[in-house]
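Subject: Structure handover

Hello,

Here is the structure for your files. Please have it open while you read the notes below.

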Amino acid sequence: MPRLLPLRISIKDCLVLVILVIFNTIHITDMANNNMDIQSKEKKVKEDTSDKGVTFNEVEEEYLKSCPYADKGNISLCSSLLYPCISCDRSIDCRYGEFYNYNCTVKPKVMCSGSKTFNRTAICRFCYQTERWEHRCDQKANCNSLASPLNFYLTNCTVSDDIICLGRRKFLKKIRCSWTAGTRWGTALLLALTLGGFGADRFYLGHWQEGIGKLFSFGGLGVWTLVDALLIGIHHLGPADGSLYI
(Lines give C-alpha, C1' and ligand atoms only; values in the text may rest on other atoms or scores of the structure.)
Protein backbone atom coordinates (compact mmCIF):
# COMPACT_ATOMS: atom_id res chain seq x y z
CA MET A 1 0.00 0.00 0.00
CA PRO A 2 1.30 3.48 -0.79
CA ARG A 3 2.31 5.45 2.27
CA LEU A 4 0.65 8.78 2.95
CA LEU A 5 3.10 11.62 3.20
CA PRO A 6 2.62 14.02 6.16
CA LEU A 7 1.14 17.41 5.32
CA ARG A 8 3.69 20.15 5.92
CA ILE A 9 2.67 23.79 6.12
CA SER A 10 5.29 26.46 6.50
CA ILE A 11 4.94 29.57 8.63
CA LYS A 12 5.00 31.66 5.45
CA ASP A 13 1.96 29.81 4.10
CA CYS A 14 0.11 30.35 7.38
CA LEU A 15 0.82 34.08 7.34
CA VAL A 16 -0.43 34.35 3.76
CA LEU A 17 -3.58 32.43 4.69
CA VAL A 18 -4.24 34.68 7.70
CA ILE A 19 -3.71 37.85 5.64
CA LEU A 20 -6.12 36.61 2.96
CA VAL A 21 -8.76 35.80 5.59
CA ILE A 22 -8.38 39.24 7.21
CA PHE A 23 -8.74 41.03 3.87
CA ASN A 24 -11.78 38.89 3.06
CA THR A 25 -13.30 39.80 6.46
CA ILE A 26 -12.77 43.51 5.83
CA HIS A 27 -14.34 43.18 2.37
CA ILE A 28 -17.38 41.32 3.73
CA THR A 29 -17.78 43.91 6.52
CA ASP A 30 -17.68 46.80 4.03
CA MET A 31 -20.29 45.09 1.86
CA ALA A 32 -22.52 44.52 4.89
CA ASN A 33 -22.18 48.17 5.93
CA ASN A 34 -23.12 49.33 2.43
CA ASN A 35 -26.16 47.04 2.38
CA MET A 36 -27.29 48.31 5.78
CA ASP A 37 -26.87 51.92 4.62
CA ILE A 38 -28.92 51.26 1.48
CA GLN A 39 -31.66 49.55 3.48
CA SER A 40 -31.77 52.39 6.01
CA LYS A 41 -32.02 54.97 3.20
CA GLU A 42 -34.85 53.04 1.54
CA LYS A 43 -36.72 52.77 4.83
CA LYS A 44 -36.12 56.46 5.49
CA VAL A 45 -37.69 57.36 2.14
CA LYS A 46 -40.71 55.16 2.91
CA GLU A 47 -41.12 56.76 6.33
CA ASP A 48 -40.85 60.25 4.87
CA THR A 49 -43.52 59.51 2.29
CA SER A 50 -45.80 57.90 4.86
CA ASP A 51 -45.37 60.78 7.34
CA LYS A 52 -46.53 63.46 4.89
CA GLY A 53 -50.17 62.98 5.77
CA VAL A 54 -49.64 62.48 9.52
CA THR A 55 -50.89 65.15 11.93
CA PHE A 56 -50.27 65.38 15.63
CA ASN A 57 -53.65 66.88 16.57
CA GLU A 58 -54.78 65.66 19.96
CA VAL A 59 -57.91 63.53 20.02
CA GLU A 60 -60.73 65.22 21.89
CA GLU A 61 -60.79 64.34 25.61
CA GLU A 62 -58.05 61.75 25.19
CA TYR A 63 -55.99 63.73 27.71
CA LEU A 64 -58.36 62.55 30.47
CA LYS A 65 -56.57 59.20 30.51
CA SER A 66 -53.54 60.82 32.16
CA CYS A 67 -55.29 63.64 34.02
CA PRO A 68 -57.35 63.65 37.26
CA TYR A 69 -61.09 63.80 36.71
CA ALA A 70 -64.26 63.10 38.68
CA ASP A 71 -64.17 59.29 38.38
CA LYS A 72 -60.58 59.00 39.61
CA GLY A 73 -61.13 60.76 42.90
CA ASN A 74 -57.53 62.02 43.30
CA ILE A 75 -57.46 65.83 43.23
CA SER A 76 -54.24 67.82 42.81
CA LEU A 77 -53.41 71.50 42.83
CA CYS A 78 -54.25 73.13 39.52
CA SER A 79 -50.91 74.94 39.44
CA SER A 80 -49.04 71.60 39.72
CA LEU A 81 -50.65 69.97 36.68
CA LEU A 82 -48.57 69.24 33.60
CA TYR A 83 -49.25 68.72 29.92
CA PRO A 84 -51.67 67.47 28.57
CA CYS A 85 -53.90 68.49 31.48
CA ILE A 86 -53.30 72.21 30.90
CA SER A 87 -53.24 74.49 27.88
CA CYS A 88 -50.81 77.43 27.89
CA ASP A 89 -50.95 80.55 25.73
CA ARG A 90 -47.71 80.02 23.82
CA SER A 91 -47.38 83.41 22.20
CA ILE A 92 -44.58 83.92 19.66
CA ASP A 93 -44.27 87.58 20.69
CA CYS A 94 -41.77 86.65 23.39
CA ARG A 95 -38.05 87.27 22.97
CA TYR A 96 -36.14 84.09 22.17
CA GLY A 97 -33.93 82.77 24.98
CA GLU A 98 -35.50 84.86 27.72
CA PHE A 99 -37.95 83.81 30.44
CA TYR A 100 -41.60 84.51 29.73
CA ASN A 101 -44.75 84.23 31.84
CA TYR A 102 -47.19 81.93 30.06
CA ASN A 103 -50.90 82.09 30.88
CA CYS A 104 -52.06 78.51 31.50
CA THR A 105 -55.60 77.17 31.84
CA VAL A 106 -56.80 73.78 33.05
CA LYS A 107 -58.59 71.81 30.34
CA PRO A 108 -62.31 70.99 30.63
CA LYS A 109 -63.42 68.04 32.82
CA VAL A 110 -60.08 68.01 34.67
CA MET A 111 -60.60 68.06 38.44
CA CYS A 112 -58.18 70.07 40.58
CA SER A 113 -58.15 72.38 43.57
CA GLY A 114 -57.43 76.10 43.36
CA SER A 115 -57.63 78.55 40.51
CA LYS A 116 -57.84 76.97 37.08
CA THR A 117 -55.99 79.89 35.51
CA PHE A 118 -52.41 80.60 36.54
CA ASN A 119 -49.06 81.79 35.20
CA ARG A 120 -46.01 79.62 34.61
CA THR A 121 -42.50 80.84 33.78
CA ALA A 122 -40.55 79.15 30.98
CA ILE A 123 -37.91 79.95 28.37
CA CYS A 124 -39.13 81.37 25.06
CA ARG A 125 -38.15 78.78 22.42
CA PHE A 126 -39.63 76.29 19.99
CA CYS A 127 -40.10 72.68 21.01
CA TYR A 128 -37.50 71.38 18.55
CA GLN A 129 -34.94 73.69 20.23
CA THR A 130 -35.20 71.97 23.61
CA GLU A 131 -32.21 70.18 25.12
CA ARG A 132 -31.64 66.44 24.76
CA TRP A 133 -32.81 65.67 28.29
CA GLU A 134 -36.01 67.68 27.76
CA HIS A 135 -37.47 65.45 25.05
CA ARG A 136 -37.55 61.72 24.32
CA CYS A 137 -37.03 60.20 20.89
CA ASP A 138 -37.95 56.84 19.39
CA GLN A 139 -34.83 54.70 19.19
CA LYS A 140 -34.17 52.49 16.17
CA ALA A 141 -32.06 49.35 16.08
CA ASN A 142 -31.92 48.71 12.34
CA CYS A 143 -28.92 50.92 11.57
CA ASN A 144 -25.17 50.41 11.76
CA SER A 145 -23.66 52.14 14.79
CA LEU A 146 -20.12 51.34 13.63
CA ALA A 147 -20.41 52.97 10.20
CA SER A 148 -17.81 55.49 9.10
CA PRO A 149 -18.71 58.30 8.63
CA LEU A 150 -21.24 58.33 11.46
CA ASN A 151 -24.75 57.18 10.58
CA PHE A 152 -27.77 59.37 11.42
CA TYR A 153 -31.51 58.78 11.03
CA LEU A 154 -34.78 60.73 11.37
CA THR A 155 -37.09 59.81 14.22
CA ASN A 156 -40.09 61.16 16.12
CA CYS A 157 -39.37 63.10 19.32
CA THR A 158 -41.81 64.25 22.01
CA VAL A 159 -41.23 67.03 24.53
CA SER A 160 -41.51 66.10 28.22
CA ASP A 161 -44.78 66.96 29.94
CA ASP A 162 -43.19 69.54 32.27
CA ILE A 163 -41.75 71.62 29.39
CA ILE A 164 -43.57 74.63 27.91
CA CYS A 165 -42.44 75.53 24.39
CA LEU A 166 -43.68 77.00 21.11
CA GLY A 167 -44.91 75.00 18.14
CA ARG A 168 -45.67 71.28 17.98
CA ARG A 169 -44.74 69.12 20.92
CA LYS A 170 -43.93 66.26 18.53
CA PHE A 171 -41.30 66.83 15.87
CA LEU A 172 -38.79 65.06 13.66
CA LYS A 173 -35.13 65.09 14.67
CA LYS A 174 -31.98 63.68 13.11
CA ILE A 175 -30.03 61.74 15.73
CA ARG A 176 -26.95 59.56 15.65
CA CYS A 177 -27.35 55.81 15.29
CA SER A 178 -26.29 54.45 18.66
CA TRP A 179 -27.76 51.24 20.04
CA THR A 180 -26.54 48.09 21.72
CA ALA A 181 -27.71 44.49 21.86
CA GLY A 182 -25.96 43.79 25.19
CA THR A 183 -22.59 42.63 23.82
CA ARG A 184 -19.84 43.33 26.35
CA TRP A 185 -16.44 44.55 25.23
CA GLY A 186 -14.68 43.00 28.23
CA THR A 187 -16.18 39.58 27.49
CA ALA A 188 -15.14 39.74 23.84
CA LEU A 189 -11.58 40.75 24.74
CA LEU A 190 -11.33 38.01 27.39
CA LEU A 191 -12.50 35.37 24.90
CA ALA A 192 -10.01 36.65 22.31
CA LEU A 193 -7.11 36.31 24.77
CA THR A 194 -8.10 32.93 26.26
CA LEU A 195 -10.14 31.00 23.69
CA GLY A 196 -9.26 33.00 20.60
CA GLY A 197 -7.50 30.02 19.06
CA PHE A 198 -10.86 28.25 18.87
CA GLY A 199 -12.73 31.24 17.44
CA ALA A 200 -14.78 31.83 20.60
CA ASP A 201 -14.51 35.61 20.26
CA ARG A 202 -15.75 35.53 16.66
CA PHE A 203 -18.69 33.30 17.60
CA TYR A 204 -19.55 35.62 20.50
CA LEU A 205 -19.59 38.67 18.19
CA GLY A 206 -21.73 36.90 15.59
CA HIS A 207 -19.00 36.42 12.95
CA TRP A 208 -19.64 32.68 12.77
CA GLN A 209 -18.05 32.18 9.31
CA GLU A 210 -14.73 33.63 10.47
CA GLY A 211 -15.14 31.71 13.71
CA ILE A 212 -15.29 28.40 11.84
CA GLY A 213 -12.21 29.32 9.82
CA LYS A 214 -10.41 30.34 12.98
CA LEU A 215 -11.41 27.11 14.72
CA PHE A 216 -10.06 24.78 12.04
CA SER A 217 -6.86 26.80 11.56
CA PHE A 218 -6.19 26.92 15.33
CA GLY A 219 -6.35 30.70 15.27
CA GLY A 220 -4.00 30.95 12.31
CA LEU A 221 -1.32 29.30 14.46
CA GLY A 222 -1.66 32.15 16.92
CA VAL A 223 -1.28 35.02 14.47
CA TRP A 224 -5.00 35.46 13.79
CA THR A 225 -5.66 35.26 17.53
CA LEU A 226 -3.30 38.15 18.25
CA VAL A 227 -4.73 40.21 15.38
CA ASP A 228 -8.32 39.76 16.61
CA ALA A 229 -7.34 40.59 20.19
CA LEU A 230 -5.75 43.81 18.92
CA LEU A 231 -8.78 44.71 16.76
CA ILE A 232 -11.19 44.11 19.64
CA GLY A 233 -8.95 46.03 22.03
CA ILE A 234 -9.07 49.17 19.85
CA HIS A 235 -12.84 48.73 19.18
CA HIS A 236 -12.24 48.19 15.46
CA LEU A 237 -13.89 44.77 15.52
CA GLY A 238 -17.42 44.85 16.90
CA PRO A 239 -20.65 42.84 16.83
CA ALA A 240 -21.82 41.62 13.45
CA ASP A 241 -25.26 43.27 13.80
CA GLY A 242 -23.76 46.76 13.82
CA SER A 243 -24.48 47.46 17.50
CA LEU A 244 -22.15 48.98 20.08
CA TYR A 245 -20.42 47.41 23.07
CA ILE A 246 -21.63 48.05 26.59
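Which order do the strands of the open three-stranded sheet follow, and is their pairing parallel or antiparallel? The order is E6-E7-E8, and the pairing is antiparallel. Two strands count as paired if DSSP finds at least two bridges between them. Helices (H or I, at least four residues) and strands (E, at least two) are DSSP runs, numbered from the N terminus.

First, the ground rules. This is a predicted model: local features need pLDDT of at least 70, side-chain atom pairs count only at pLDDT 80 or more, and totals for chains, interfaces and linings use all residues. Residues are numbered from 1 along each chain as its sequence is written, and side-chain values use heavy atoms, with hydrogens and water left out.

**The chain overall**

There are six helices and eight strands. From the N terminus, the elements run α-β-β-β-β-β-β-β-β-α-α-α-α-α. The chain has 246 residues, and 33% of them are buried. Buried means under 20% relative accessible area, exposed means over 50%, and partly exposed lies in between (1.4 Å probe, protein chains only).

Three bridges link E6 to E7 (residues 152–159). Arg136 stands opposite Thr158 in E7.

**Strands E3 and E5**

E3 (residues 99–106) and E5 run antiparallel, joined by seven bridges. E5 covers residues 117–123, and its side chains alternate. Phe118, Arg120 and Ala122 point to one face and are buried. Opposite Arg120 stands Tyr102.

**Aromatic rings**

Rings of Phe, Tyr and Trp (its six-membered ring) pair if their centres lie within 6.5 Å; planes under 30 degrees apart count as stacked, over 60 as edge-to-face and the rest as tilted. By this rule there are two aromatic pairs. Tyr100 and Tyr102 are edge-to-face, at 5.0 Å centre to centre with 75° between the planes. Tyr102 counts as buried because its relative accessibility is 0%. Tyr100 is partly exposed at 29%. The other pair is Phe126 and Tyr128, with centres 5.8 Å apart and planes at 20°, so this one is stacked. Phe126 is partly exposed at 33%, and Tyr128 is exposed at 51%.

Arg169 lies over the face of Tyr83, at 4.1 Å from the ring centre. The test is NZ of Lys or CZ of Arg within 6 Å of the ring centre and within 35 degrees of the ring normal.

**Lys214**

Is Lys214 buried or exposed? Its relative accessibility is 0%, so Lys214 counts as buried. Lys214 lies in helix H4 (residues 208–216). Setting aside neighbours within four places in sequence, its contacts include Asp201, Arg202, Trp224 and Asp228.

Best wishes

Technical notes
Contact = heavy atoms within 4.5 Å.
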